Amino acid sequence: MSRTFEEVRNEALALTPEERGHLAEELLDSLESGDGIEWDDDYAAEIQRRLAEIRAGAAKMVSADEAIAAARRAVDDVRRTARRG
């Protein structure tokens, strides 16, 4: 039986930040070579910079739930501001 996305995701989230960074890099590499997706130089440099921060322990890691909640709050703030005027 194959594992579900949720099982794989939960296992990945249990990795250390450094291991998650390595996994993210490999997953991005698999997308780039597999489907012809090409990252421009600026985007690739940004990815490398962020991976270096993760590996150095300088990046603050948050869960996907926290990131989504923060994005929703930001969107709500923009909507409230737009309604005012």
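The protein folds into 4 helices and 0 strands, where helices (H or I, at least four residues) and strands (E, at least two) are DSSP runs numbered from the N terminus. Followed along the sequence, these elements give the pattern α-α-α-α. The model described here is predicted, so local features need pLDDT of at least 70 and side-chain atom pairs count only at pLDDT 80 or more, while totals for chains, interfaces and linings use all residues. Residues are numbered from 1 along each chain as its sequence is written, and side-chain values use heavy atoms, with hydrogens and water left out.

The accessible surface of the protein amounts to about 7,200 Å², as given by the Shrake-Rupley method with a 1.4 Å probe, with only the protein chains shown counting as cover for residues. Carbon and sulfur atoms account for 54% of this surface. Of the 85 residues in the protein, 6% are buried; here buried means under 20% relative accessible area, exposed means over 50%, and partly exposed lies in between (1.4 Å probe, protein chains only).

Turning to charged side chains, the whole structure holds 6 salt bridges, each defined as a side-chain nitrogen of Lys or Arg within 4 Å of a carboxyl oxygen of Asp or Glu. One of them pairs Glu25 with Arg55, with 2.3 Å between the closest N and O atoms. This pair connects distant parts of the chain: Glu25 sits in helix α2 (residues 17-34) and Arg55 in helix α3 (residues 41-56), 30 residues apart. Arg55 is partly exposed, with a relative accessibility of 33%.

Glu46 is partly exposed at 25% relative accessibility, Arg49 is partly exposed at 40%, and Glu53 is partly exposed at 31%. Together with Arg50, the residues Glu46, Arg49 and Glu53 are linked in a network of salt bridges.
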